[in-house]
Amino acid sequence: MLRSLVGSEMCIRDGSPTGQLIQVQVPPGCPPGSSITVTTTHTPTHAHHAGTGCDCCAGPGSFITDPATVHDPEAQIGGYRDRCCSDWCADVPVGCNSFWCTQCLLGQIWEKLIGPSGRCCQVAGLITCLSFIPYIGGITMWIVSIFFMCTLTQVFSARYQIPLQEQPHPLALACCQPCVLAQMARHMEDFKRHPEKDVCCGCYNPTLDHPHPNSLWADRPQIHVPLPPSATGDQPLLPTVQPPPAYSKTGASNM
């Protein structure tokens, strides 16, 4: 609650872990001495950490340290919702997508978690094109995909607060990418609870959650300052403004 000063601006400190300052202008309809409630949506915290990956592949989500619940209230943090290899067939569409279109699922998760828009096609297209390089295409594609997996896993584990003992082993990132990606997709989207979500890759579904896409990267904070109700009704009290006196030539000549 704030003691309002009509028409003035003040700074308040929000309740986030970082305690950021937010500038708020008191609505003109607030009478002096009244109280207003300021409701804010938490601002994603951005911080660049050296050594978290190559900036050429970075996106808005690379520098967000807030938990995934900031953008997705239904997100489960603190650990995976299921197991990696043993639950790979628990969701057949996700399993097939991860096995037959591994690079596409990698791009979908990347665009949803790290961004920006259009990165799904870029990641999938790059890995696919590398496979056509004569003689060294296979090994080149494998090395690049390991780099993408390491970067993606690091951001995913931070946003969903995955304990170290549950994070994928380096050998899994290199040799069992379909299983790791399928587990990430199931954890992010919870397809059992939301069977309407479409996992098929395509330009219409770059973030695994068609028809209701939700990217987990930066949003602008929204500040809502409701006007206080009056003492006699629901309408806010407006200050009474007296009009200035009418101009008079006679009065002006006597001055």
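**Figure 1. Seven helices and six strands make up the secondary structure of the protein.** The model shown is predicted. Along the sequence, the elements follow the pattern β-β-β-β-β-α-α-α-α-α-α-β-α. The protein has 255 residues, and 39% of them count as buried. Take the contacts between residues at least 6 apart in sequence: 66% of these join residues at least 24 apart.

**Figure 2. The largest nonpolar core holds 34 residues.** Four residues have the most contacts inside this core: Ile 109, Leu 113, Leu 152 and Tyr 160. Helix H6 supplies the largest share, with seven residues.

**Figure 3. Leu 113 and its contacts beyond the neighbours within four places in sequence.** Leu 113 is in contact with Leu 152, Val 155, Phe 156, Arg 159 and Tyr 160, among others. Its partners also include Gly 61, Met 188, Leu 216 and Trp 217.

**Figure 4. Helix H4 runs for 23 residues.** From its first C-alpha to its last, H4 reaches 33 Å. That is close to the 33 Å expected at 1.5 Å a residue. Buried residues of H4 include Gly 137, Ser 145, Phe 148, Met 149 and Leu 152. Also buried in H4 are Thr 151, Thr 153, Val 155, Phe 156, Ser 157 and Arg 159. The cover over these buried residues includes H2, H3, H5 and H6. Just after H4 comes Gln 161, with a positive phi of about 50°.

**Figure 5. The largest pocket has a volume of about 160 Å³.** Helices H2 (102-113), H4 (137-159) and H5 (170-175) each give two or more residues to its lining. Thr 102, Gln 103 and Leu 106 belong to the lining, as do Ile 127, Met 141, Trp 142 and Ser 145. Ala 174, Cys 175 and Gln 177 line the pocket too. What kinds of residue form this lining? Six are nonpolar, four are polar and none is charged. Ser 145 is listed in the pocket lining and among the buried residues of H4.

**Figure 6. His 194 sits in the loop between H6 and strand E6 (223-224).** Is this histidine buried or exposed? His 194 is buried, because its relative accessible area is 15%, under the 20% cut-off. Leaving out residues up to four places away in sequence, His 194 touches Glu 74 and Glu 189.

Note on methods
Residues are numbered from 1 along each chain as its sequence is written. This is a predicted model: local features need pLDDT of at least 70, side-chain atom pairs count only at pLDDT 80 or more; totals for chains, interfaces and linings use all residues. Side-chain values use heavy atoms; hydrogens and water are left out. On a 1 Å grid over the protein atoms alone, a cavity is a set of points where a 1.4 Å probe fits but cannot get out, and a pocket is an open set with protein on both sides within 12 Å along at least five of seven lines; lining residues have an atom within 4 Å of a point. Grid points are joined across faces, edges and corners, and a volume is the space filled by probe spheres set on the points. Helices (H or I, at least four residues) and strands (E, at least two) are DSSP runs, numbered from the N terminus. Ala, Val, Leu, Ile, Met, Phe, Trp, Tyr, Cys and Pro count as nonpolar, Asp, Glu, Lys and Arg as charged, and the others, Gly among them, as polar. A nonpolar core is a set of buried Ala, Val, Leu, Ile, Met, Phe, Trp, Tyr and Cys residues joined through side-chain atoms within 4.5 Å. Buried means under 20% relative accessible area, exposed over 50%, partly exposed in between (1.4 Å probe, protein chains only). Contact means heavy atoms within 4.5 Å. The expected span of a helix is 1.5 Å times one less than its number of residues.
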